[in-house]
Amino acid sequence: MREYHPQEIEPKWQQKWEEDGLYRAVVDQSKPKFYALTMLPYPSGNLHIGHWYAMTPSDVRARFKRMQGYNVMFPMGFDAFGLPAENAAIQRGVQPQKWTLGNIASMKRQMRTMGAMFDWEREAASCLPGYYRWTEWFFLKLYEMGLAYRKKSPVDYCPQCKTTLAREQVIGEDRVCERCGAEVIKKDLTQWFLKITDYADELLDFSQIDWPKQIKTLQTNWIGRSEGAEVLFKVAPEDLPADAEEGEGELLVFTTRPDTLWGATFMVLAPEHPLVKRITKPERRAAVEAYRLEAERQSEIERLSTEKEKSGVFTGAYAINPVNEERIPIWIADYVMLTYGTGAIMAVPAHDERDFAFAQKFNLSIPVVIETEEWVAAGRPEPLPRAYPGTGQMINSGSFDGTLAPHPAVEEVTAWLVTQGRGKAAINYKLHDWLISRQRYWGAPIPIIYCDQCGIVPVPYEDLPVLLPDDAEFMPTGESPLKYNAEFLHTTCPRCGGPALRETDTMDTFACSSWYQYAYLSPYYREGEVVRGDELPWDAEEANYWLPVDTYTGGAEHAVLHLMYTRFFTKALRDAGIVDFGEPMLQYRSQGIILGEPRSGDFVEINGTWEGSAFQADEIFVTSFEDEDSWLKPERSDICVAGEVLDRDEVSLKVRTAVEGENLVVVQVAEGTPVHVPGKEAGALGDILYHLDVEKMSKSKKNVVAPDELIDEYGADAVRAYLMFGWRWERGGPWDSQGIGGVVRWINRIWKVVLVEPRDSAAPTSQAARTLRREMHQAIKSVGEDLENFSFNTAIARLMEYVNALTEAQAAYWGSDLWSEALDNLLLLLAPITPHLAEELWAERGNAYSVHEQSWPTWDPAMLVRKTREIPVQINGKVRGHITLAADAGEEAIKAAALAEPNIQRYTEGKEIVKIIVPGKRLVSIVVR
RNA sequence: GCCGGAGUGGCGGAAUAGGCAGACGCAAGCGACUCAAACUCGCUCGGGCGACCCCCAUGUGGGUUCGACUCCCACCUCCGGCACCA
């Protein structure tokens, strides 16, 4: 028999498929289309197991759709701009383009070993001028629409990446950079923004798309819509400076609780609020200024900790509460942020916890204006022991007393404010506009020119692309190399022809990936040609046919980054008339992460001597972990150390011993120290295993699984199948190097059950034939449903069951028509999952090339019906016996058989049978008393 | 603190219009083959028992139901996100 050698058959078929253009996605109006897309990788130069985990199941599904009769496009490209290329340029003097294209070439080579149906003729790399010309083109579109603007504001800056970041790219409580993990600082800079906030409400509407709840929740929370009112407060006229302009003392505040206005006893401004300097009384100036500086410093270093005590300073000025004309003091405090709402709040201490804490600390009055249920239940304590934010009736609020708060009180008070000209209904969002300026070279240039005469002038469409110069100098200055490239920087104004300067910042790479799904329609469209703003950025026929994306897959870590930006981009493109739909991806699913494999370190006993706090090894023994008795005893510690190896390098071991207290010992190992490893003649330090926890894979943690090595050992098909089988795809989990053996054994069984004639033969029976047919139809049904539902692990499990059934039927049916049908169907079901194996065996059986051009098999419900069925019988809800009956037995017959079952009779004897339930003839439930 | 998600054998995980818990696999144990090992094949494999019957068991405690991993209430733990958002 020919053995299964994936290393031979896989490259062979990959080459043939490519030569035959088997996966070319060509517009074909006679077929329904299916656009399957998986997130494009950054070309780091090395494909890791995470790429395989994300891409191969997506490929399986694309192949499945293809067999179902869809014309499938499954393209791949590279998110090729970004910092690593520029850092390589700084460190090693390699041109970013050269570095990037080299990485793309090697990654493509690795990706071809997946056996995926990527259509490489649609490949797009975002760093090539034919691509970024259009990224610039979209920027101009957005600029024309008023969706791109420049403003000075406090922005997030990563000192490590030496560039500004979007708010979404600052992660977590520690406020670290999404890319490099460095702590982000604040800077006041003039930067370009995209007005994603214009689409806040639309982005909250997920009704047209099938996306995971988790992603929808994350985006919803990030957008952070809250409804309320804007209320106009005025600074007391005597507290305004003499030169105050008309309207300068107007303080707009946003509140979700306008019904509590009568309880607003002070106002708080953000320390950076522009009005602070104008209204602060001379005697308060020193204190206010000191506080402002302190707040600024804090926002840079230690961010707001949750438990921090409230702090603030009185400005000396007062405002007038518009509902009762009372003078209320204006304070500044760092718990009010300039970036949310208007940067000013009305403080209602009785009904807001933060305001309560502040009022208590500074002895401000806390009048009750809502008679909340909790407060009444507590016996109306005064002074209030805490804030009462709950529901109740309004009191001390003039004519509104007795109104139920918050509803309908909020609505009624808002309506009244409108009639008074003192407020209006308003909505606020946490979402900020998307800062896209990056002070880096390796990104798409922002196509803008600054002219002394004409101001900000967009580069005319006809002049695109603004090309990155290839002679830029890379210095670790922290400023864009473009700024120091005279030829790039200096230009002429397209409007007046005078001397002008180019924008030297480039765009956030998320701008490139916000439209890449469209780039695959016509990669590098009309490269080298002059195009106008009113032309389309891709071939219209391609777009009309393929768009939008039907299924998108990728990592959930992009929930509020790429996945939100690309929705925004598409909505903007729709409003520009460029596309005619508002959602780029109809269905999206996210995969989990494969983590590093945990491992215990070897248990070692080491003889040697102490040298200070380190231990010098004379001889090392690797022993059994279970042997806890030999763990280091304190009294022996001067000559011997024993424990688990936590870490190892070329000259030392870190050993965790059983000694109380200081149990971590660093053991120095001189060259030539004898190492005894069981099962090895001559042990070496490198043979000793050190401890690994379940953690994300990373080179520094030495827990990386290299796909290339797995392919060499097991073949791509086995790796594909294992990645589908080992975990729930959407969840992921730690790698298990032993688990793949089960899949490899399974594939070998498939090989044998198809190719090897059984030694024994058995007599076919009608019963066995029926069973085989049933298993076959069951497999077709289940595998199809599971692939449709992204339930990859159960799809493989069903196929394993089917192969087990075939192994059993082999002796009786080898060579029969039924056997032939059963095997062909097996190969068809395997085709998307293990494409090379299926193709090889398909050819081996003499079938016409290619298995991937075949239709997905159909199943017949009639074939799933069993002739007899076994039905469990319950007494008071517990299974006490089983009966076997013909499938068409009536309910009465089932009941009779159940009552006749011997063990059931034991339970019914002498008892009263209350009732017998037979739901759907699947089960009998007898209730006795 | 708030918002999501999840808790099932030694491990990965099956099973939810409520109906035989543990499919499929890993690991482990025993056996066959082999001079031997590996491979391969067969059997066992949640706990209490040698075995049947039976009892316990899907994070905890209640509830609904003839019947609950599945539904309801309260709680615990873990993971992810947000975090003084007015």
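**Entry: a sheet**

I began with an open sheet of 4 strands, ordered β2-β1-β27-β28, with parallel pairing. The model is predicted, and I keep that in mind throughout. I then looked for the edges. β2 (71-73) and β28 (585-591) stand there, each with a single partner strand, so one side of each has no neighbour in the sheet. On average, neighbouring strands of this sheet are turned by 20° against each other, direction ignored.

Next I checked how β1 meets β2. Strand β1 (residues 33-38) runs parallel to β2, and 3 bridges join them. Within this region I found K33 opposite N71 in β2.

Then I looked for a helix on the sheet. Helix α2 (residues 49-67) lies across β1, β2, β27 (549-555) and β28. Helix α2 runs at about 175° to β1.

**Entry: RNA strand B**

I turned to the RNA. How many residues surround RNA strand B? I noted 62, and the closest are T256, K310, R354, G726 and S925. Sugar and phosphate make up 65% of the RNA strand B atoms that come within 4 Å of the protein.

Which helix gives the largest share of the surface near RNA strand B? I found helix α22 (residues 792-813), with 7 residues.

- I found a backbone N or O atom of Y335 at 3.1 Å from a sugar or linking oxygen of RNA strand B.
- For R731, I saw a side-chain N or O atom 3.5 Å from a sugar or linking oxygen of RNA strand B.
- For G732, I noted a polar backbone atom 3.5 Å from a phosphate oxygen of RNA strand B.

Notes: Residues are numbered from 1 along each chain as its sequence is written. Chains are lettered from A and ligands numbered from 1 in the order in which they are written. This is a predicted model: local features need pLDDT of at least 70, side-chain atom pairs count only at pLDDT 80 or more; totals for chains, interfaces and linings use all residues. Side-chain values use heavy atoms; hydrogens and water are left out. A residue is near a molecule or strand if one of its heavy atoms lies within 4 Å of it. A polar contact is a pair of N or O atoms within 3.5 Å; within protein, one must be able to donate a hydrogen and the other to accept it, and residues adjacent in sequence count only if both atoms are side-chain atoms. Helices (H or I, at least four residues) and strands (E, at least two) are DSSP runs, numbered from the N terminus. Two strands pair if DSSP finds at least two bridges between them. Axes are lines fitted to C-alpha atoms, for helices over the stretch in contact, and angles run from 0 to 180 degrees between N-to-C directions. Contact means heavy atoms within 4.5 Å.
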